[in-house]
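Hi everyone, thanks for coming.

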Amino acid sequence: MTSSNNYPKSFSHIGITVPNIKEAVKFYSEVMGWYIIMEPSTVKKEKETAIGQMCIDVFGDDWTAFEIAHLATSDGIGIELFSFPNGIKEAPEFNPFNTGLFHFCVQDPNIEELIDKILSYGGKQRMPIRSYYPNDKPFKMCYVEDPFGIVFEIYTHSYELTYSSGAYSK
């Protein structure tokens, strides 16, 4: 009989495909302040190495090489950047109504300054900064895009604090 102990799993990393690995490392390290833990490098399709075999298992046989870099957030979450030479170099159409990954979210109490920095590096602000509980708490949020068209969200406070008040309306 198997045990059914349930506990919250921790988040390890997120993989993001970008059109230019060097530009993406520059943006995410300079704008987001994420630590570079592995500079951009090339992975080749080869069955003789563990990484080569693992990538064949994941990506199949229709590739020869790609670039990869690893960054980390201040709380140790990994950011794995990929750049494939034969992939489409444009972000997919924004369609949150379809099944799939919609966005990721970062936290910064200085949301206005971060948005200004994103804009100065060629990103976009997708909406005005909004408050979740404007009369009760200083919690703000905003959706933005990096220079490559990847949509993400910014919160000023933790996820738990933001939603701990319960429903949006009483």
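**Starting at a serine**

Let's begin with Ser83, which is buried, with a relative accessible area of 5%. Buried here means under 20% relative accessible area, exposed means over 50%, and partly exposed is in between, with a 1.4 Å probe and protein chains only. Before I go on, a word on where this comes from: it's a predicted model, where local features need pLDDT of at least 70, side-chain atom pairs count only at pLDDT 80 or more, and totals for chains, interfaces and linings use all residues. Residues are numbered from 1 along each chain as its sequence is written, and side-chain values use heavy atoms, with hydrogens and water left out.

Back to Ser83: you'll find it in strand β4, residues 78-83. Helices (H or I, at least four residues) and strands (E, at least two) are DSSP runs, numbered from the N terminus. What does the side chain of Ser83 reach at 3.3 Å? The backbone oxygen of Val18. The backbone oxygen of Pro19 also lies 3.3 Å from a polar atom of that Ser83 side chain.

Ser83 touches several residues beyond four places away in sequence, including Asn20, Ile21, Phe66 and Lys89. Touching, or contact, means heavy atoms within 4.5 Å.

Ile21 sits in helix α1, and it is buried too, with a relative accessible area of 1%. Leaving out residues up to four places away in sequence, Ile21 touches Pro40, Glu67, Ile68, Ala69, Leu81, Phe82 and Ser83. And 18 residues along the chain from Ile21 is Glu39, with 9.6 Å between their C-alpha atoms.

**Zooming out**

Now the whole thing. The protein has four helices and nine strands. Reading from the N terminus, the elements go β-α-β-α-β-β-β-α-β-β-β-β-α. The C-alpha atoms fill a box of roughly 60 × 55 × 30 Å along the principal axes. There are 170 residues, and 34% of them count as buried. If you take contacts between residues at least 6 apart in sequence, 56% join residues at least 24 apart.

**Salt bridges**

How many salt bridges are there? The count comes to three. The rule is a side-chain nitrogen of Lys or Arg within 4 Å of a carboxyl oxygen of Asp or Glu.

One of them joins the side chains of Lys26 and Glu30, at 3.4 Å from N to O. These two are four residues apart in helix α1 (residues 21-30), so about one helical turn separates them. Lys26 is partly exposed at 44% relative accessible area, and Glu30 is partly exposed at 33%.

Another is between Lys140 and Glu112, with the closest N and O atoms 2.9 Å apart. That pair links distant parts of the chain: Lys140 is in strand β8 (residues 140-145) and Glu112 is in helix α3 (residues 111-120), 28 residues apart. Lys140 is partly exposed at 29%, and so is Glu112 at 35%.

Then there's Arg126 with Glu145, 2.4 Å from N to O. This pair also links distant parts of the chain, with Arg126 in the loop between β6 (124-125) and β7 (130-131) and Glu145 in strand β8, 19 residues apart. Arg126 is partly exposed at 35%, whereas Glu145 is buried at 10%.

**A glutamate without a partner**

Now look at Glu153, in strand β9 (residues 151-155). Glu153 is buried but has no salt bridge, and the nearest side chain of opposite charge, Arg126, is 11 Å away. For charges, Lys and Arg count as positive, Asp and Glu as negative, and His and the chain ends are not counted.

So which side chain makes a polar contact with Glu153? His103 does, at 2.8 Å. A polar contact is a pair of N or O atoms within 3.5 Å; within protein, one must be able to donate a hydrogen and the other to accept it, and residues adjacent in sequence count only if both atoms are side-chain atoms. Other residues that Glu153 touches include Phe104, Cys105, Val106 and Tyr132.

**One last stop**

Helix α4 and strand β5 bring us to the largest pocket: β5 (104-107) and α4 (159-163) each supply at least two residues of its lining. The largest share of that lining, four residues, comes from β5. A pocket, on a 1 Å grid over the protein atoms alone, is an open set of points where a 1.4 Å probe fits, with protein on both sides within 12 Å along at least five of seven lines; lining residues have an atom within 4 Å of a point. In total, 24 residues line the largest pocket, and Asp75, Ile77, Cys105, Val106 and Gln107 lie nearest its centre.
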